[in-house]
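Biologist: Hi, I'm new to this one. Could you walk me through it?

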Amino acid sequence: LSVSADNQSRAYGTANPSFTWTITGYVNGETYATAGVTGSASASTTATSSSAAGSYPITTSTGTLAASNYSFSAANGVLTVTGASVGTNSSAVLEVS
């Protein structure tokens, strides 16, 4: 089975989202619920809240996943950090002398 990190995005200066993953490749009509899969995968990134805008890998690990009829492989995803939006303050006053 392939464990793929789901691509995510966030704005610069904010915390990373919780990473999720999708498992594909079941056969004979099986699903996660019927294939006897136990354990969980994990996903992480090197990006921090202060990382510049850009793309960062979400590294996926098969973690503790197990199933008697399947083996597991991991596929990474991408975290896209976008530029922070600049808000406006209509009550701001600028005095020029």
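Predicted model: local features only at pLDDT ≥ 70, side-chain atom pairs only at ≥ 80, totals over all residues.

Biologist: Okay. And where does Y70 sit in the chain?

Modeller: Y70 is in the loop between β5 and β6.

Biologist: How many aromatic pairs does a search of the whole structure find?

Modeller: One. Y26 and Y70 make up that pair, with an edge-to-face arrangement: 5.8 Å centre to centre and 80° between the planes. The two belong to distant parts of the chain, 44 residues apart, with Y26 in the loop between β3 and β4.

Biologist: Let's zoom out. How many helices and strands are there?

Modeller: Zero helices and seven strands. Read from the N terminus, the elements go β-β-β-β-β-β-β.

Biologist: What share of the chain is buried?

Modeller: Buried residues account for 25% of the 97 residues. The chain exposes about 6,100 Å², and 52% of that comes from carbon and sulfur atoms.

Biologist: And the contacts, how far along the sequence do they reach?

Modeller: Take the contacts between residues at least 6 apart in sequence: 58% of them join residues at least 24 apart.

Biologist: Which strands make up the open sheet, and in what order?

Modeller: There are four, in the order β2-β7-β5-β4, and the pairing is mixed. At the edges are β2 (8-11) and β4 (42-45), each pairing on one side only. From one strand to the next, the twist averages 25°.

Biologist: Remind me, how do strands pair in general?

Modeller: Strands of a sheet pair through backbone hydrogen bonds, either parallel or antiparallel.

Biologist: So which way do β5 and β7 pair here, parallel or antiparallel?

Modeller: Antiparallel, over five bridges, with β5 covering residues 54-61 and β7 covering residues 77-82. If you want a place to look, S55 is opposite T80 in β7. β4 and β5 run antiparallel as well, joined by four bridges, and there S42 faces S61 in β5.

Biologist: What about β1, what does it pair with?

Modeller: Strand β3 (residues 21-24) pairs with β1 in the antiparallel sense, over four bridges. In that pairing, A5 stands opposite W21 in β3. β1 also pairs with strand β6 (residues 73-75), in the parallel sense and over three bridges. S2 has S73 as its bridge partner in β6.

Biologist: Which side chains of β1 are buried?

Modeller: The side chains alternate along β1 (residues 2-5).

Biologist: Why does T60 count as buried?

Modeller: Because its relative accessible area is 9%, and the cut-off for buried is under 20%.

Biologist: And which residues does T60 touch?

Modeller: Leaving aside residues up to four places away in sequence, T60 touches V3, S4 and A5, then S42 and A43, and also A74, A75, N76 and G77.

Technical notes:
Residues numbered from 1 in each chain as written. Heavy atoms only, no water. Pairing = 2+ DSSP bridges. Axes fitted to C-alpha atoms, helices over the stretch in contact; angles between N-to-C directions. Buried < 20%, exposed > 50% of the residue type's maximum accessible area, 1.4 Å probe, protein only. Contact = heavy atoms within 4.5 Å. Areas by Shrake-Rupley, 256 points an atom, 1.4 Å probe, with all protein chains shown as cover. Phe/Tyr/Trp six-rings, centres within 6.5 Å; stacked < 30°, edge-to-face > 60°.
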